[in-house]
Amino acid sequence: MIQDIAPHVLYNQYRHFIPSENDPVFCFCDEKVLIRLEDDRLSFPKVKDLNVNREDLIYLFSLDSSHLFLYLKQTERDGCEYIDFRTVRRKSLRPKESVYALFTAYHLAGWYLNSAYCGRCGQKTVHSENERAMVCPGCGNIIYPRINPAVIVGVLHEDKMLVTKYARGYGGYALVAGFTEIGETFEETVAREVKEETGLDVRNIRYYASQPWGPAADILAGYYCEAYGDCTISVDRDELRLAEWKTRDEIVLQENDYSLTNEMMRNFKEGKI
Ligand SMILES: [Zn+2]
């Protein structure tokens with residue numbers, strides 16, 4: 001999965017670091033990021049490469065001993081280009097630890113942009129000095145990073161697995177997925193999403209693993225479960241283009257090892273589930 005980057009380590013504790021010349025900087029423009037690309041290997045511009053005020057750089061996290069910063073305004077750099085996230089994923093760019101850092105930085109960048117003003121009173125917010133939060137000097141509102149919980153579901157039945165294709169967005173094979181509603185457990189989300197998207201009833205719902213997914217600001221919880229009763233699929237065409245039972249041999253894996261979905265499908269294909 002995207003977060004499996006050992007022996008590298010991403011340290012996301014909130015710290016106060018002053019940017020130095022060789023620290024990498026993330027610069028985003030909508031869904032694009034400024035990178036240098038050489039033979040499908042990506043790297044990020046450094047502080048010394050950019051004509052920016054260092055006081056505008058926000059410390060995000062460290063990758064091994066390297067401190068990474070965010071610059072929220074658009075800037076240019078010779079030898080670098082803005083490319084979108086779909087390209088990063090489609091081309092399976094490397095190194096993986098940089099792609100994971102990029103996904104995580106994108107999540108944080110979106111939160112910083114969306115938290116520039118207080119949602120309660122409308123005043124401009126300021127950075128907290130002792131934790132990752134934005135604080136409203138007017139009403140005291142504290143805004144913490146927002147993470148959207150969602151589930152990925154591997155539905156099984158008679159040695160087959162339910163695979164889907166989304167109606168919009170990612171075009172490869174996927175699994176049933178959906179966001180957790182307020183007041184709902186993950187297990188209830190699993191049962192509700194499977195029912196809504198395919199009409200199936202499920203039981204024996206068990207947790208597998210989780211994955212942070214920065215491009216969608218998500219934390220994904222993966223579950224396996226079994227369909228029972230009438231296992232005829234009724235596809236919700238608003239959500240899915242396709243939903244089918246597949247045998248282990250028929251499972252088509254994704255092109256890279258970034259996603260929890262792919263690992264759950266591979267576990268089934270290889271007989272581990
Ligand atoms: Zn306020």
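Q: What does it take for two strands to count as paired?
A: Two strands pair if DSSP finds at least two bridges between them. This model is predicted. In it, strand E2 (residues 25-29) and strand E3 (residues 32-38) run antiparallel and are joined by two bridges. Within this pair, Cys29 stands opposite Lys32 in E3.

Q: What do E2 and E3 form, and how many residues lie between them?
A: They form a hairpin, with two residues between the strands. The turn includes Asp30, whose phi is positive, about 55 degrees.

Q: In which sense do E3 and strand E4 pair, and over how many bridges?
A: The sense is antiparallel, and there are three bridges between E3 and strand E4 (residues 41-43). Arg36 stands opposite Ser43 in E4. E3 and E4 also form a hairpin with two residues between them. In that turn, Asp39 has a positive phi of about 55 degrees.

Q: Over how many bridges do E3 and strand E7 pair?
A: Four bridges link E3 to strand E7 (residues 81-84), again in the antiparallel sense. Here Lys32 stands opposite Asp84 in E7.

Q: Where do the side chains of a regular strand point?
A: In a regular strand they alternate between the two faces of the sheet.

Q: Which residues coordinate the zinc ion?
A: Cys118, Cys121, Cys136 and Cys139 do, each through its SG atom, at 2.3 to 2.4 Å. Along the chain, these donors follow the spacing C-x2-C-x14-C-x2-C. Cys121 sits in the loop between helix H2 (96-114) and strand E8 (126-127), and Cys136 in the loop between strand E9 (134-135) and strand E10 (142-143), so the pair ties together parts that are 15 residues apart in sequence.

Q: Why is the arrangement around the zinc ion tetrahedral?
A: Ideal angles at a metal are 109.5 degrees for four tetrahedral donors. Four donors count as tetrahedral if all angles lie between 85 and 135 degrees. The four donor atoms around the zinc ion subtend angles of 99 to 119 degrees, so the arrangement is tetrahedral.

Q: How many disulfides does a search of the whole structure find?
A: The search finds zero. A disulfide would need a pair of cysteine sulfur atoms within 2.5 Å.

Note on methods:
Residues are numbered from 1 along each chain as its sequence is written. This is a predicted model: local features need pLDDT of at least 70, side-chain atom pairs count only at pLDDT 80 or more; totals for chains, interfaces and linings use all residues. Side-chain values use heavy atoms; hydrogens and water are left out. Donors are N, O and S atoms within 2.8 Å of the metal (3.2 Å for Na, K and Ca); water is not among the atoms, so sites may look incomplete. Four donors count as tetrahedral if all angles lie between 85 and 135 degrees; four count as square planar and six as octahedral if opposite donors are over 155 degrees apart and all others between 65 and 115; anything else is irregular.
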